[in-house]
Amino acid sequence: MATLTPKLAVQLASLAYEIKEPSSSGLYRFGKSAPDVDRAFQFDLTNGPIQGISGGILARMLKRSSGFAMVGKGKAGYQGDHVIAIRGTASLADGITDAHIGLTGGDNNSLIHAGFNKTFHSMKPALENALSPLLSRSSNGTVHCVGHSLGGALAHITADWVKRRFKNQVFLYTFGAPRVGLDGFAIKTSTNIDRIFRCTHAADPVPMVPLWPFVHAPYQGQEVLLAPGQGISFNAHKMAMEASPGYLNTANNNSWANLQTQSGINHSTVRLHYENRHQASFSGYWADKISSGLITLLKDAGYYSAVMAQAAIGTGLTFYDMLARTLEAVAKASGKLAEQTRGLLGHMLVFARQVVTTVTELSFNFIRWVFDKTLAALYRSARDAISSVM
Amino acid sequence: MLLVRFRPILLLTARLSILISLTLSSQVNANMFDWLKKYDVHLSPAINGTITYNGQPVTQLKVYRELTYHREFLDHTLTDGEGNFSFAAKSIRSRRPGSAFDTAKRQVLYVDHNNQRYLLWYYSTLNAGAAATLTGKLQQLNCELTQPEKTYELPNQEFPEHPHGVTGVCSLD
């Protein structure tokens with residue numbers, strides 16, 4: 001019944017990176033480099049790590065697979081439990097920083113990110129093979145799923161699947177993980193997975209993407225804020241002890257009760273006034289505020305349900321094309337709504353650090369351009385930082 | 001005419017102000033551009049060691065060093081008449097420490113003796129820098145191949161809350 005301590009969870013998440021590059025000697029000693037993990041779990045590597053395929057079209061065409069997940073057996077205080085540690089990958093980052101987000105139906109019949117789902121399915125048969133002998137026979141231990149970054153997203157989908165497939169108690173621990181799906185997925189998994197510890201640093205950009213309509217689980221629940229801070233810093237995403245703040249440092253605690261929690265964003269009613277746009281800045285706070293402003297505007301105009309429904313069924317248009325068309329219609333409906341739309345777009349331009357932030361027209365083309373600039377501000381630098389090392 | 005002559009100056013002023021605002025805004029997020037820099041990644045300190053089997057030095061034995069940081073860096077050496085071997089320190093320059101993602105670093109030393117593979121040293125970390133305790137231990141490794149493989153918990157001088165775990169047959173006490 002015991003949860004992993006924050007310390008153990010974060011070390012397991014970081015050890016998952018060890019399996020990325022194969023060793024030509026075949027000499028892995030997974031988990032042995034972190035004494036705490038070594039005392040609590042043992043990993044059998046006779047069949048090597050669980051492989052998966054991630055990344056762009058090229059990587060998928062080449063079927064380049066590398067170690068993604070490790071399954072460990074609990075010992076001492078964790079006797080009877082199992083852990084699934086999943087690593088992140090830079091190549092999946094294209095998925096979360098792509099403005100043309102693809103949605104797909106996940107295993108639990110709700111909409112999730114197509115890239116994450118694809119990677120999960122590439123490792124699912126191997127996970128099934130590894131877990132079936134361990135969990136099928138009257139095992140009532142807890143299954144702990146851990147992951148950092150995109151590994152956190154994969155751990156989330158995995159935890160939901162393990163719960164439905166094996167009915168064990170399942171706990172999920174993520175560090176700097178992106179949003180995985182729409183509200184349907186967040187609501188279903190919040191109920192299905194027994195406990196979710198979603199840990200973030202305030203300045204880490206990855207939990208800020210993909211933008212709404214993606215939402216985090218636990219749905220309208222708590223997140224564990226390991227480091228407060230302002231602005232957005234790509235260093236804040238790292239785990240390493242050397243990094244600042246580094247998840248390995250901030251989560252190095254023996255009890256969840258010692259760590260600070262805060263409520264996830266409950267999109268409050270926000271109406272943005274055009275003349276106040278210069279108060280906005282490039283920060284996580286304003287990314288959330290602008291999302292809330294957009295949702296409020298759609299609700300005020302009576303378009304919210306229609307937009308969500310269209311996102312859900314998937315139209316020929318990309319999500320942001322559809323959204324731009326909707327806002328164009330919203331702005332035409334009344335002078336008041338046009339002013340509110342102008343306020344939203346003005347704040348977006350200041351957020352995106354545009355030199356000129358005047359909103360002169362409310363046409364589809366202009367609105368779409370503002371969306372591009374806003375998304376690019378949040379996504380582009382991350383993508384550059386990532387692709388430079390590929 | 002007057003306007004025409006002033007226009008280049010106006011343009012220059014406009015360009016300068018754009019440049020200044022770009023500079024100012026990029027200062028706010030200066031670390032965004034860290035990925036342009038290259039960093040030192042310390043893959044392995046200098047290593048000296050001795051290999052024995054039942055107390056007798058094992059001579060002319062190939063010792064393999066497998067270092068991994070995004071890709072593998074492999075080399076090997078031979079033990080001398082007293083079973084001694086050594087490797088030079090190995091560092092690389094890389095952009096990866098400046099990226100938003102972590103890269104694991106792995107150090108593996110092993111030998112194949114009488115059709116059996118012996119692990120001398122296994123260590124993995126997400127840190128790019130050197131670890132003083134491990135640098136010290138690798139200055140004289142005593143490896144008796146008949147000893148069972150063991151995991152040692154060693155103090156971490158740089159990050160005291162995160163002890164190192166090193167696995168192998170060499171005695172690290």
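A residue counts as buried when its relative accessible area is under 20%, as exposed when that area is over 50%, and as partly exposed in between, with a 1.4 Å probe and protein chains only. By this rule, 62% of the 390 residues of chain A are buried.

The structure is a predicted model, in which local features need pLDDT of at least 70 and side-chain atom pairs count only at pLDDT 80 or more, while totals for chains, interfaces and linings use all residues. Residues are numbered from 1 along each chain as its sequence is written, chains are lettered from A and ligands numbered from 1 in the order in which they are written, and side-chain values use heavy atoms, leaving out hydrogens and water.

**The two chains**

Helices (H or I, at least four residues) and strands (E, at least two) are DSSP runs, numbered from the N terminus. A contact means heavy atoms within 4.5 Å.

In chain A, 73% of the contacts with a separation of 6 or more are between residues 24 or more positions apart. In chain B, 59% of the contacts between residues at least 6 apart in sequence join residues at least 24 apart.

Axes are lines fitted to C-alpha atoms, for helices over the stretch in contact, and angles run from 0 to 180 degrees between N-to-C directions. Angles under 35 degrees count as roughly parallel, over 145 as roughly antiparallel, 65 to 115 as roughly perpendicular and the rest as oblique.

Helix α9(A) spans residues 284-300 and helix α11(A) residues 319-333; their axes come within 11 Å and cross at roughly 55 degrees. That angle makes α9(A) oblique to α11(A). The crossing is left-handed, a term for a near helix turned anticlockwise from the far one by less than a right angle. On the α9(A) side the contact holds L294(A), L297(A) and L298(A), and these meet L323(A), T326(A), L327(A) and V330(A) of α11(A). Six of the contact residues are nonpolar, one is polar and none is charged. Here Ala, Val, Leu, Ile, Met, Phe, Trp, Tyr, Cys and Pro count as nonpolar, Asp, Glu, Lys and Arg as charged, and the others, Gly among them, as polar.

The axes of α11(A) and α12(A) come within 6 Å and cross at roughly 135 degrees, so α11(A) is oblique to α12(A). L327(A), V330(A), A331(A) and A333(A) of α11(A) make this contact with L337(A), A338(A), T341(A) and L344(A) of α12(A). The classes are seven nonpolar, one polar and no charged residues.

Helix α12(A) covers residues 335-351 and reaches 24 Å from its first C-alpha to its last, close to the 24 Å expected. The expected span is 1.5 Å times one less than the number of residues. Of the 17 residues of α12(A), 13 are buried. Just after α12(A), R353(A) takes a positive phi of about 55 degrees.

H113(A) lies in strand β6 (residues 111-113) of chain A. With a relative accessible area of 3%, H113(A) is buried. H113(A) and K238(A) are 125 residues apart in sequence and 23 Å apart in space, C-alpha to C-alpha.

T77(B) belongs to strand β5 (residues 71-78) of chain B. T77(B) has 19% relative accessibility and therefore counts as buried. Leaving out residues up to four places away in sequence, T77(B) touches L61(B), K62(B), V63(B), F85(B), S86(B) and F87(B).
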